[in-house]
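Here are my notes for you, as promised. Please have the viewer open while you read, and take the points in any order you like.

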Amino acid sequence: QLEPIDHARVARDIDVLLCGYAYPSRKKFVDALLPLLGGVKTVLCGDGWEDREGVETMPTQDIASTQTLHARAKTVICLHRTGGDCSDGPVAPESVCRGFMEGFFGPRVFLDRARAKHPFDDGDVVWYSSPADLAKRLKEYLAGGRDAAADRFAEKCATLYTYRARLARVLN
């Protein structure tokens with residue numbers, strides 16, 4: 001297990017981080033979001049984002065680099081794949097639980113409502129329903145400075161941030 005991040009010592013120089021492959025539904029969502037985030041330092045990490053202008057992009061990183069990116073981020077967007085991008089149809093999972101690893105490293109986690117079932121309590125994550133709703137919530141959060149909810153969620157995620165730990169919890 002990794003130790004929780006010492007938030008006072010981390011230089012959080014990324015305002016908004018989104019990690020994950022650029023599936024068509026994610027591209028569509030991000031293309032609508034980016035113009036609404038003017039002036040917000042945004043980083044897109046994952047294969048397929050290279051063609052985005054005005055935003056920092058990088059290919060998929062190894063796990064250590066990905067964790068470092070999350071530790072540098074003030075906020076992180078968890079964006080599900082929808083509309084047939086390996087997630088919908090007759091075998092679609094009812095719950096795709098994302099956010100634990102992201103939250104463990106201390107950024108405020110923003111999670112979409114594309115999958116209705118999540119194990120999060122009120123205040124764990126910030127929910128959003130559209131690019132405009134997400135842009136509004138991100139700007140409000142970034143204007144107000146870091147809140148204690150991010151640190152509480154990081155502590156809560158300390159024992160559940162790996163898939164192995166979550167699977168063991170489910171099986172037990």
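1. A word on the source. This is a predicted model, in which local features need pLDDT of at least 70 and side-chain atom pairs count only at pLDDT 80 or more, while totals for chains, interfaces and linings use all residues. Residues are numbered from 1 along each chain as its sequence is written, and side-chain values use heavy atoms, with hydrogens and water left out.

2. Overall fold. The protein chain has six helices and six strands, where helices (H or I, at least four residues) and strands (E, at least two) are DSSP runs numbered from the N terminus. Read from the N terminus, the order is β-α-β-β-α-β-α-β-β-α-α-α.

3. Of the 172 residues in the protein chain, 47% are buried; buried means under 20% relative accessible area, exposed over 50%, and partly exposed in between (1.4 Å probe, protein chains only). Taking contacts (heavy atoms within 4.5 Å) with a separation of 6 or more, 67% join residues 24 or more positions apart. The chain exposes about 9100 Å², with carbon and sulfur atoms supplying 53% of that area; accessible areas come from the Shrake-Rupley method with a 1.4 Å probe, and for residues only the protein chains shown count as cover.

4. The cores. A nonpolar core is a set of buried Ala, Val, Leu, Ile, Met, Phe, Trp, Tyr and Cys residues joined through side-chain atoms within 4.5 Å. The largest one has 22 residues, and Val109, Phe120, Val125 and Phe153 are among those with the most contacts inside it. Elements that give two or more residues to this core include strand 1 (14-19), strand 5 (108-112) and helix 5 (148-157). A second, separate core has 21 residues, including Leu33, Val40, Leu138 and Ala150.

5. Gly103. This glycine sits in helix 3 (residues 100-104) and is buried, with a relative accessible area of 0%. Which residues does Gly103 contact, leaving aside its neighbours within four places in sequence? They are Val109, Phe153, Ala154 and Cys157. Phe153, with residues up to four places away not counted, also touches Gly99, Phe120, Asp124 and Val125, among others. Gly103 and Asp151 lie 48 residues apart in sequence, yet 8.6 Å apart in space, C-alpha to C-alpha.

6. Arg108. Please look at this arginine in strand 5: Arg108 is buried, with a relative accessible area of 6%. Beyond four places in sequence, its contacts include Lys74, Asp124, Tyr141, Asp147 and Ala150.

7. The cavity. On a 1 Å grid over the protein atoms alone, a cavity is a set of points where a 1.4 Å probe fits but cannot get out, a pocket is an open set with protein on both sides within 12 Å along at least five of seven lines, and lining residues have an atom within 4 Å of a point. Grid points are joined across faces, edges and corners, and a volume is the space filled by probe spheres set on the points. The whole structure has one cavity of 30 Å³ or more. Val16, Val30, Leu33, Thr42 and Ile77 are among its lining residues, and the lining has eight nonpolar, one polar and no charged residues. Here Ala, Val, Leu, Ile, Met, Phe, Trp, Tyr, Cys and Pro count as nonpolar, Asp, Glu, Lys and Arg as charged, and the others, Gly among them, as polar.

8. The second largest pocket. This pocket holds about 190 Å³ of space. Its lining comprises 13 residues, with Phe29, Leu79, Thr82, Asp112 and Ala114 nearest the centre. Helix 1 (residues 24-33) gives the largest share, four residues.
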